[in-house]
Amino acid sequence: MQTQTRQYTAALKACCFLVGLGVAFESQAEWFESTGYAVIDDGDIAKARHAAIKDAVRQALIFSGASVSSVQTIADGVLSQDQVKIKSHGEVQQINLIEERQESGQFSVTLHLDIFATHSQCKQSKFNKQVAVTRSQLLQPQQARMGQIYDLPEAASRRLFETLNSRNMAVKPVPYIAAPINVKPFFSQQFDYKNGLIEEIATRTNSQFVIFSQITDIADGEQQNSDYAFWEDDSYKRSFKANFALFDALTMEPLWQQYYTTEGTWPFKKTQLVDVNSNQFWRSDYGDKIQEVFNKVSYDLSTAVSCLPTKGKILHIDGNRLVVNLGLTHGVKEGQLMSIAHRSDLSDNAGKRYSFGIQTINQLRVVQVNQQSAIVENIDKRPLSNIQLNDIIVIETAEDDGFGFGFE
């Protein structure tokens, strides 16, 4: 293992590849540390190592501001059989292998990547967005009969949370899995969902976004092995189809929706009770295929939100000092500048509420930062006027135009 590690470290250090469209790069490089994960399938360590490295590089590129397509790969001999398909926002100059581990049927790789960011890199990707992960809903519960996997929605949502939580991306998940939710209205074309539920979840989890999901199909297919092969265990193909939708908790509007479908081998007997929270389930081919879906969700979700402004709310007002619900978790540091938007919601005849923000010229500076909150003070000579609780706070970046937030 040590010899393989040294050889692989050398290969990684020699790996310099371009992910670009010919854009001129800035002279300042930045180091990113990222950990990638992969399931060890049939004892194939080399395949798992390659997949874990691909996972780690993909995470680092997204975190640095890159937008990665659905087929993410590494080139230049490290994964020679794959094809590079990356939209450019950076150039990876050097990759160093820091650590690789095997544990519970999973292979992990930690890398240091030297990335040159381009001028087109989005500055908002430096700040984190908290996303509340809610419990999924199984649309056809009768399909859970084989294996008695009626707890799959809760287990799958927890697995999605763990997947998002393990990745060094702009998305910082917060679990809201204990309570079942009727998610059907959030996937209806009539948009007849209740704003109050989104607001309640966001308030309880201090999240800017809320993600809902529904598992639409887990039907079993044809038996893979012959009935005459009595010495073999039964083996079936089983589908997994799920829909995901992300909502902005400030505007109450859907921002992103994606449908995923896969299938894997169900290795358990039809009469066997299967624990969907066990390693046996998640290390099976079927569990592995579901995990691949969650890996794709994590990248797609991070790409969808990484360049959006990081917003929060005013929690307390004390003269020229305010308490806001943005803190270290969101990437806030002392000295960070923020902007304010008055919140003035509108309602239609049906009682549906629409968020409306009025920009102000007030600027705030962070003077103390906690994990989930910060104390900010007015830096303008003019006093803060008409500021109210729950008014919107937005983190400013160097690319902002002076007001800094583009409230939508």
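These legends go with close-up views of charged residues in a predicted model.

**View 1. Arg167 and Asp55 pair up in a salt bridge.** The closest N and O atoms sit 3.0 Å apart. Arg167 is in the loop between helix H3 (152–165) and strand S9 (171–176), while Asp55 belongs to helix H2, so this contact ties together parts that are 112 residues apart in sequence. Both Arg167 and Asp55 are buried. If you're keeping count, the whole structure has nine salt bridges.

**View 2. Asp217 and Lys241 join two strands through a salt bridge.** Here the N to O distance is 3.7 Å. Asp217 comes from strand S10 (residues 209–217) and Lys241 from strand S12 (residues 236–248), so the partners are distant parts of the chain, 24 residues apart. Asp217 counts as buried because its relative accessible area, 13%, is under 20%. Lys241, at 28%, is partly exposed.

**View 3. Asp41, Asp42, Asp44 and Glu292 make up a negative surface patch.** To get your bearings, find Asp41 in the loop between strand S2 (25–39) and helix H2 (45–63). Asp41 is partly exposed, with a relative accessible area of 33%.

Terms used
Residues numbered from 1 in each chain as written. Predicted model: local features only at pLDDT ≥ 70, side-chain atom pairs only at ≥ 80, totals over all residues. Heavy atoms only, no water. Patch = residues over 30% accessible without salt bridge, like charges linked within 9 Å, V, L, I, M, F, W, Y side chains within 5 Å. Areas by Shrake-Rupley, 256 points an atom, 1.4 Å probe, with all protein chains shown as cover. Salt bridge = Lys/Arg side-chain N within 4 Å of Asp/Glu carboxyl O. Lys, Arg positive; Asp, Glu negative; His and termini not counted. Charge placed at Lys NZ, Arg CZ, Asp CG, Glu CD. Helix = DSSP H or I, 4+ residues; strand = E, 2+ residues; numbered from the N terminus. Buried < 20%, exposed > 50% of the residue type's maximum accessible area, 1.4 Å probe, protein only.
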